[in-house]
Amino acid sequence: MNTFSKKINTTISIHSLLWIFFIAFTAIQSYSKFSTIPNEFYFLNFIFIAVFYLNYVVLVPKFLLNKKIIIYVAISLALIIFIIIFLEPLLKKSLQPTFPRGNFNDNFPRPREGSINLRPPILLLLFFALSTCVKLVSEWYKSEKERTLVASQKINSELSFLKAQLNPHFLFNTLNSIYSLANKKSDDTTVAIVTLSELMRYMIYEANEEFISLEKEIEYIKNYISLQLLRLRDSSGVKINVHGSLKYKIEPLLLISFIENAFKYGTDYKGKTEIRVVITIHNDELHLEVYNISSLQNLANKNSGIGLENIKNRLNLLYPNAHTLEITKGKKSFEISLKINLKKNQ
């Protein structure tokens, strides 16, 4: 049985149980014995149910939801008036109103002969109004669910696109580093290639998850930094510090662009490299601080913001109203301060 069939069967079952409960409850309240229930009682309940679903299935979807309000009101009033007139002979017979047991005649006198019991017409109007409300709420919930699904699909497609942009950008920069080592005929070239393969394994096999362990993500960052250090003549100016518990989850490849840009532009025209990365986790909040020196030429480079623009978009999609990002551009420096709320690693 497919999902649609299960949903239909569930809806029918719920509606049936509710109607059975309503009819049983009103019968118990109105009549002392089952044998005293007249046929008119069942007939009127059948009318109520028919009116409910006629309005629920036909009138509201065809007219009210299509903004044909005047036609809807006119047809509804005509239908209600017709039913009341049609039922007048039955109403004159007067279904027994609700009486507490044992007090039928004294405190709750019966209607006078020839009078019309107003309870059925009122119930008819109530059922008509109830079916309208139920259908409108149902359609609202359905449209909200569809809107949420569309928004979710849009976010997923945008994230996939942004991540697709991020990975080639990262790979291009890393291959440049390995090319530099190979040109120098450095013994570290082999180590760099192995480290790159580990980084790519993480990106391909583990970074596809919606959330990843913060510990794994930071280990990935450390491996990336280790790879970058191999190409530097002097790595003494590069420092990374991590403080706090890592028992959290985070979206994969969320922080690497900041570190990547620091290494790409963190060397000035004299060949001096100075980069500081501090990651602090406290009270379910991650605080990332990245500082790097940069020459005026690097700061003016139009391509320097590709990775950062991607990460800004990802943060806006993944952490709306749950992150702060400050970027400070100095004359010869560049600073990033990012704070995001984290999720405990269950």
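This is a predicted model: local features need pLDDT of at least 70, side-chain atom pairs count only at pLDDT 80 or more; totals for chains, interfaces and linings use all residues.
1. Basis. Local features need pLDDT of at least 70 and side-chain atom pairs count only at pLDDT 80 or more, while totals for chains, interfaces and linings use all residues. Residues are numbered from 1 along each chain as its sequence is written, and side-chain values use heavy atoms, with hydrogens and water left out.

2. Helices α6 and α7. The axes of α6 (residues 188-206) and α7 (residues 214-229) come within 10 Å and cross at roughly 150°. That makes α6 roughly antiparallel to α7 (angles over 145 degrees). Residues of α6 in contact (heavy atoms within 4.5 Å) with α7 include Leu 196, Leu 199 and Tyr 202, and those of α7 include Tyr 220, Tyr 224 and Leu 227. By class, this contact of α6 with α7 has eight nonpolar, two polar and three charged residues.

3. Ser 131. This residue lies in helix α5 (residues 119-183). Ser 131 is buried (under 20% relative accessible area), at 0%. Leaving aside residues up to four places away in sequence, Ser 131 touches Phe 52, Asn 55 and Tyr 56.

4. Aromatic pairs. The structure holds six aromatic pairs (ring centres within 6.5 Å). Phe 52 and Tyr 56 are stacked (planes under 30 degrees apart), at 5.9 Å centre to centre and 15° between the planes. Both lie in helix α2 (residues 39-64), four residues apart, and both Phe 52 and Tyr 56 are buried. Tyr 224 and Phe 263 are edge-to-face (planes over 60 degrees apart), at 6.1 Å and 80°. This pair links distant parts of the chain, with Tyr 224 in α7 and Phe 263 in α8 (residues 256-265), 39 residues apart.

Terms used: Axes are lines fitted to C-alpha atoms, for helices over the stretch in contact, and angles run from 0 to 180 degrees between N-to-C directions. Helices (H or I, at least four residues) and strands (E, at least two) are DSSP runs, numbered from the N terminus. Angles under 35 degrees count as roughly parallel, over 145 as roughly antiparallel, 65 to 115 as roughly perpendicular and the rest as oblique. Ala, Val, Leu, Ile, Met, Phe, Trp, Tyr, Cys and Pro count as nonpolar, Asp, Glu, Lys and Arg as charged, and the others, Gly among them, as polar. Buried means under 20% relative accessible area, exposed over 50%, partly exposed in between (1.4 Å probe, protein chains only).
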